[in-house]
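Morning, everyone. I have one structure to walk through today. Please look at the screen.

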Amino acid sequence: MGARTKIITDPLSDNNPITIQVLGICSALAITVQVENAFVMACALTFVLTSSNVIISLLRKQIPGRIRMIVEISIIASLVVLVDQTLRAFFFELSRQLSIFVALIITNCIVMGRAEAFATQNPPGPSLLDGLGNSIGYSVIILLVATGREILGSGTWYGIRVLPEAYMGNGLAVLAPGAFLILGVIIWIQRTVTNNFKDD
Amino acid sequence: MLKADRHLFTFALTVCVVVSALLSTAATLLKDRQDLMVELDRKRNVLSAFGLDIYDEDGRRLGVEAVDKIFADNIREVILDGQTGELLEGLTSADLDPRELRDKQKLLLYKWEEDGEFTRFAFPISGLGLWSTIYGYLALDQDLATILGVTFYDHGETPGLGAEIERDWWQEQFEGKKLYADGEPADFRVIKGGVSRRYPDGHPSAVDGLSGATVTGEGVARFINADFRRYNRYFETIREGG
């Protein structure tokens, strides 16, 4: 497998930001009650992470070491504000549902993590791929968690009813602990299947 | 000054200038459209409280023109005094400082006009939920007692829990409930665990609470009662005067 392909495929499974590195958990818990919200969040994060990786990588030789993190956060925060403002202007209903969580992409550890671990040390091309790969790795997992929570919690998927009307809806799946449980199961399955875990 | 320091300051300054220019441009460009969307959403909520379908035949939400046309054709607004409930002739919401409406020193009332007669009434409701102030509209039938519809359009309640107050199924429960009975304002309630558990035969002024959102529900009941009493001073004059 080529080095470039590996940059993209690695974060999908062997080095998944959520299930292996256990980053970005806050948003994985907060916006996964409904698949629609998770989907918009995934798109927003993909834009922010990929752009921030490219921009930081382009500036990597100019950014002074001592204010490196402040500069990174400024760039990430600006991108997030852009996304938030655009959603408010063109996708009003969605922006209202996501409320605070779009703004919270700023504190998503994956974005800062990739900037620090990859973009500051690699050229823009690979950084773009790294951003994309990690975004997809993140998106797949939150969509899975949201699928589990929306079906168990509300009997629907993307707002479409999949379980009969009589289904009561599991309150636990709607609450944050439900997300922990589902995420835990996903991590368990993934680590068992790929045999990728450290056993002390 | 060391060369490295100079670079540090220049870089930091450049980042600040570029980023703030970019963001203020974006905010300015998008402002008009955002305001338009907020206003359109507010008006749609008024219509929805009045019991109108806010979707057209294609299942899309009504646009600016359609909404404005309904407002011009059927909806008349009047302003009431927040303390006394007196009708303040000749005032419209455009003449007021928005703060006066927000603090409820002045009250906005929408009347639905049909064949020269006022058949429905809607007014803004707002108050604290669990985390935030919830804003919405409530419409009453001609009897000034029966709820025609209620909407909540702005709040910061927990998504999936308190935020479920936006759901149609929850808001539909309010339809037909009484805010006024036996010559006085009724005590409207949002009941944790469901109305039918406590009142097997139903209750004229109560709706089911939302699981995991008890405080939000209690807040909604509290401010619906409080706001109705504000407007009721004016409604009494209609009831008496006919």
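First, the ground rules. This is a predicted model: local features need pLDDT of at least 70, side-chain atom pairs count only at pLDDT 80 or more, and totals for chains, interfaces and linings use all residues. Residues are numbered from 1 along each chain as its sequence is written, while chains are lettered from A and ligands numbered from 1 in the order in which they are written.

Start with chain A. It has ten helices and two strands. Helices here are DSSP runs of H or I with at least four residues, strands are E runs with at least two, and numbering starts at the N terminus. The order from the N terminus is α-α-α-α-α-α-α-α-β-β-α-α.

Next, one helix. Helix α8(A) covers residues 124–154, 31 residues in total, and should span 45 Å at 1.5 Å a residue; its end C-alpha atoms are 43 Å apart, which agrees. The expected span is 1.5 Å times one less than the number of residues. Just after α8(A) comes G155(A), with a positive phi of about 75°.

Now a helix pair. The axes of α3(A), residues 35–58, and α4(A) come within 10 Å and cross at roughly 145°. Axes are lines fitted to C-alpha atoms, for helices over the stretch in contact, and angles run from 0 to 180 degrees between N-to-C directions.

Which residues of α3(A) meet α4(A)? Among them are F47(A), V48(A) and I55(A) from α3(A), and the α4(A) side includes I76(A), L79(A) and E72(A). Contact means C-beta atoms, placed from the backbone, within 7 Å. Ala, Val, Leu, Ile, Met, Phe, Trp, Tyr, Cys and Pro count as nonpolar, Asp, Glu, Lys and Arg as charged, and the others, Gly among them, as polar.

Last, the partner chain. The contact takes 21 residues from chain A and 21 residues from chain B. On the chain A side, α4(A) gives the largest share, nine residues. That side has eleven nonpolar, eight polar and two charged residues.

Terms used:
Two residues are in contact if their C-beta atoms, placed from the backbone, lie within 7 Å.
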